[in-house]
Amino acid sequence: EVTGWDETGWSIVTPSEDSRLIFVSSSEGDDETAEFYAPRDITDLQNPGQVKPFKTIQAAIDQSRKGFPDWILLRRGDEWEVAARAELRAGRSVSERSVFTSYGTHPDRPVIKRSDGREMLRIWSNRNYVAVMGISFHAQERDPQSANFAGWGNVGDVDGILIYGPEGTKMGSILIEDNHFNYLSKGVSIDGDAQHVDIVIRRNVITNSYSESGHAQGMGASSASALVEENIFDHNGWLVQQKIKGGKEEAEGQATIYNHNTYFRRAVDTVFRDNIFLRPSSIHNKWTANPSIKGIDDITSSNLLMENNLYVGGEIGISAGGNSDYDTGHRWSNI
């Protein structure tokens with residue numbers, strides 16, 4: 001992270017001269033008449049004046065360019081549903097990011113309330129230099145308190161943001177800051193066996209993650225190098241306590257021994273600092289370092305720092321282990 005922070009600790013991210021500013025409003029927008037703008041045309045990003053916004057997020061994404069520092073700005077107070085493949089494009093560099101954020105003076109963040117796919121936003125293979133800031137991801141069809149609740153037995157898993165890279169690739173420089181994730185199966189998921197580097201998760205609120213059909217975490221990560229700083233993780237992995245003994249029944253979002261506030265697999269060069277972890281299904285911070293080759297222990301997780309975090313409730317604060325240990329050597333280094 002090289003862009004720095006303002007006096008209150010928020011990341012400083014600014015458009016470039018050739019950025020496209022793409023405003024989106026579900027209440028006032030029109031995909032047919034909308035326009036994008038240059039930074040010289042807008043004096044105040046939060047109060048841009050009489051712009052012509054797009055109506056749908058996908059139409060705005062279609063106007064953004066791969067490898068450019070284009071901005072998509074959702075109007076605060078509005079709500080959206082997204083299609084199955086809402087994929088953000090890559091930016092240019094760590095100081096010239098592709099940005100997905102908000103605008104306006106309404107007190108509420110813009111809300112993505114539903115997705116037709118397994119995630120609300122994708123940051124797919126080799127989509128580097130991306131920032132997602134100031135958005136609410138609230139899966140209302142999964143929220144029993146919502147009028148849009150789908151009903152028990154009809155609640156599929158949905159992640160808020162999926163970051164994915166396949167084995168043999170390297171991707172990252174992704175900033176996720178000032179978002180609220182609520183009633184997802186995972187708020188943030190980093191999946192695949194790529195080298196996921198420079199993943200910065202700051203000042204988000206991740207709550208009420210659960211699943212009726214599998215495992216659920218506030219945040220899950222595979223093969224990642226991350227800074228997780230000043231976030232609140234609360235009540236993740238479950239909605240209600242276990243009704244059936246054995247820890248395997250997930251119906252109605254019951255707590256199980258497999259669900260946690262965070263679950264990091266094969267993590268390297270990762271810092272958890274100044275976070276608040278509250279009321280997980282089982283463990284607050286679950287770390288695993290299973291061997292790369294069956295029968296041979298090797299170091300698959302290294303350079304982890306957990307500093308000045310607060311843990312309240314749950315079964316275990318920090319668990320560093322794994323399901324496989326062949327007693328032939330170390331699996332961890334510099335924890």
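Entry 1, terms. I take two strands as paired if DSSP finds at least two bridges between them. The model I am reading is predicted.

Strand β2 covers residues 71–75, and four bridges join it to β1, with the two running parallel.

Which strands sit at the edges? I followed the order β1-β2-β4-β7-β10-β13-β16-β19-β22-β25, which makes an open sheet of 10 strands with parallel pairing. The edge strands are β1 (21–24) and β25 (332–333), and each of them pairs on one side only.

I count one helix and 25 strands in the protein chain. The radius of gyration is 20 Å, close to the 20 Å from the globule rule for 335 residues, so the chain is as compact as a globular protein of that length. Along the principal axes, the C-alpha atoms fill a box of roughly 65 × 40 × 35 Å. I note that 53% of the 335 residues count as buried. For contacts between residues at least 6 apart in sequence, 78% join residues at least 24 apart.

The accessible surface comes to about 14,600 Å², and carbon and sulfur atoms account for 46% of that. I find 33 positive and 47 negative side chains, and the centres of the two sets lie 3 Å apart.

Is tryptophan 238 buried or exposed? Its relative accessible area is 13%; the cut-off for buried is under 20%, so tryptophan 238 is buried. Leaving aside residues up to four places away in sequence, tryptophan 238 touches Ser209, Tyr210, Gly253, Gln254, Ala255, Arg279, Pro280 and Ser281. I also checked threonine 256, which is 18 residues from tryptophan 238 in sequence and 7.5 Å away in space, C-alpha to C-alpha.

Histidine 235 has 9% relative accessibility and counts as buried. I then went to asparagine 303, whose phi is near 60 degrees, again positive in a residue other than glycine. Asparagine 303 belongs to strand β22 (residues 301–307). With a relative accessible area of 33%, asparagine 303 is partly exposed.

Terms used: Residues are numbered from 1 along each chain as its sequence is written. This is a predicted model: local features need pLDDT of at least 70, side-chain atom pairs count only at pLDDT 80 or more; totals for chains, interfaces and linings use all residues. Side-chain values use heavy atoms; hydrogens and water are left out. The radius of gyration is taken over C-alpha atoms; the globule rule is 2.2 Å times the number of residues to the power 0.38. Buried means under 20% relative accessible area, exposed over 50%, partly exposed in between (1.4 Å probe, protein chains only). Contact means heavy atoms within 4.5 Å. Accessible areas come from the Shrake-Rupley method with a 1.4 Å probe; for residues, only the protein chains shown count as cover. Lys and Arg count as positive and Asp and Glu as negative; His and the chain ends are not counted. The place of a charge is taken as NZ of Lys, CZ of Arg, CG of Asp or CD of Glu.
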